[in-house]
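Here is a walk through one protein model, written for someone new to reading structures. Keep the picture beside you as you go.

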Amino acid sequence: FLMLPMRSVQAGVCRTDLAINRRAWFAFHDADHGDGRPAETGGALAWLDALLLQEGIEDATGEVWLQAFPRVLGHAFKPVSFWYAHRADGSLAAIVAEVNNTFGERHCYLLPEPQYGQTILANKVFHVSPFCDVQGEYRFRFMRTQRDEGERPRQRLSQHR
């Protein structure tokens with residue numbers, strides 16, 4: 001997984017060795033996330049901001065971090081990506097779990113008012129794999145761990161029937 005500060009990336013102030021919206025060994029492409037809109041029309045961050053506003057979350061004006069797999073050699077493999085949307089004071093306003101299936105479809109689970117260490121339940125409503133039924137619920141648990149390079153979010157996701 002990589003962690004990208006999306007508002008900084010969009011503003012062009014994020015220094016990263018990762019290629020942004022261009023071909024490279026490892027790259028991030030806006031079109032791989034959200035509704036697939038290109039960077040020229042605001043990209044994945046504009047999609048996320050619109051989704052949050054549509055769902056009544058108006059205070060997610062702080063940094064947005066995307067935890068996702070990068071494209072590798074032009075191929076995208078991203079079963080789940082996590083969007084961490086913060087308020088201006090740095091507190092979490094929402095987390096969006098963006099799930100992709102083996103059929104090329106995408107569904108997002110919006111988790112408003114998340115708390116680190118708390119288990120959040122969401123009914124499974126999306127067909128992920130031909131080997132798994134659309135039944136039960138997901139249990140999300142988000143934590144923060146301290147490493148030499150600083151604090152990092154961690155997550156646990158399990159399906160229960």
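## A strand in the middle of things

At 34% relative accessibility, Asp59 counts as partly exposed. Keep that residue in mind, since it comes back with its partners below. One caution before going on: this is a predicted model.

**The salt bridges**

The count of salt bridges in this model comes to five. Asp59 takes part in one of them, with Arg87, where the closest N and O atoms are 2.6 Å apart. Arg87 sits in the loop between β6 and β7, while Asp59 sits in the loop between α2 and β4, so this pair ties together parts that are 28 residues apart in sequence.

Is Arg87 buried or exposed? Arg87 has a relative accessible area of 16%, and it counts as buried because the cut-off for that is under 20%.

Arg87 has another partner too: Glu113 forms a salt bridge with Arg87. Glu113 is in the loop between β8 and β9, so here the tie is between parts 26 residues apart in sequence. Glu113 itself is partly exposed, at 48% relative accessible area. Put together, Asp59, Arg87 and Glu113 are linked in a network of salt bridges.

Another salt bridge joins Asp35 and Arg37. Both ends are partly exposed: Asp35 has a relative accessible area of 45%, and Arg37 comes in at 24%.

| Salt bridge | Closest N and O atoms |
|---|---|
| Asp35 and Arg37 | 2.7 Å |
| Arg87 and Asp59 | 2.6 Å |
| Glu113 and Arg87 | 2.7 Å |

**The overall layout**

Now zoom out. The protein has two helices and 11 strands. Starting at the N terminus, the order is β-α-β-β-α-β-β-β-β-β-β-β-β. Out of 161 residues, 40% count as buried. The accessible surface is about 9,300 Å², and 50% of that belongs to carbon and sulfur atoms. If you take contacts between residues at least 6 apart in sequence, 45% of them join residues at least 24 apart.

How many of the residues of β6 are buried? Seven of its seven are, so to speak, under cover. In a regular strand the side chains alternate between the two faces of the sheet. In β6, Val80, Phe82, Tyr84 and His86 are on one side, with Ser81, Trp83 and Ala85 on the other, and all of these are buried.

Take Ser81 as an example from this strand. Its relative accessible area is 0%. Leaving aside neighbours within four places in sequence, Ser81 is in contact with His33, Leu66, Gln67, Ala68, Val96, Ala97 and Glu98.

Strand β6 also has pairing partners. It pairs with β4 in the antiparallel sense over four bridges, and Leu66 has Trp83 as its bridge partner in β6. With β7, seven bridges form, again antiparallel, and Tyr84 has Ile95 as its bridge partner in β7. The hairpin of β6 and β7 has five residues between the strands, and Gly90 there takes a positive phi near 95 degrees.

**Two nonpolar cores**

The largest nonpolar core has 21 residues, and Met6, Leu48, Leu52, Val64, Trp83 and Val96 touch the most other members. Several elements, namely β1, α2, β4, β6 and β7, each supply at least two residues of this core. Which one gives the largest share? That is α2, with six residues. Leu48, leaving aside neighbours within four places in sequence, is in contact with Val64, Trp83 and Val96.

There is also a second, separate core of 15 residues, which includes Val80, Phe82, Ile120 and Ala122.

**The aromatic rings**

The structure holds five aromatic pairs. Phe82 lies in β6 and Phe142 in β10, so the pair ties together parts that are 60 residues apart in sequence. Both Phe82 and Phe142 are buried.

Another pair, Tyr109 and Phe140, is tilted: 6.4 Å centre to centre, with 50 degrees between the planes. Tyr109 is in β8 and Phe140 in β10, so this tie spans 31 residues in sequence. Tyr109 and Phe140 are buried as well. Together with Tyr84, these rings make one aromatic cluster: Phe82, Tyr84, Tyr109, Phe140 and Phe142.

Definitions and conventions
Residues are numbered from 1 along each chain as its sequence is written. This is a predicted model: local features need pLDDT of at least 70, side-chain atom pairs count only at pLDDT 80 or more; totals for chains, interfaces and linings use all residues. Side-chain values use heavy atoms; hydrogens and water are left out. Buried means under 20% relative accessible area, exposed over 50%, partly exposed in between (1.4 Å probe, protein chains only). Contact means heavy atoms within 4.5 Å. Accessible areas come from the Shrake-Rupley method with a 1.4 Å probe; for residues, only the protein chains shown count as cover. Rings of Phe, Tyr and Trp (its six-membered ring) pair if their centres lie within 6.5 Å; planes under 30 degrees apart count as stacked, over 60 as edge-to-face and the rest as tilted. A nonpolar core is a set of buried Ala, Val, Leu, Ile, Met, Phe, Trp, Tyr and Cys residues joined through side-chain atoms within 4.5 Å. Two strands pair if DSSP finds at least two bridges between them. A salt bridge is a side-chain nitrogen of Lys or Arg within 4 Å of a carboxyl oxygen of Asp or Glu.
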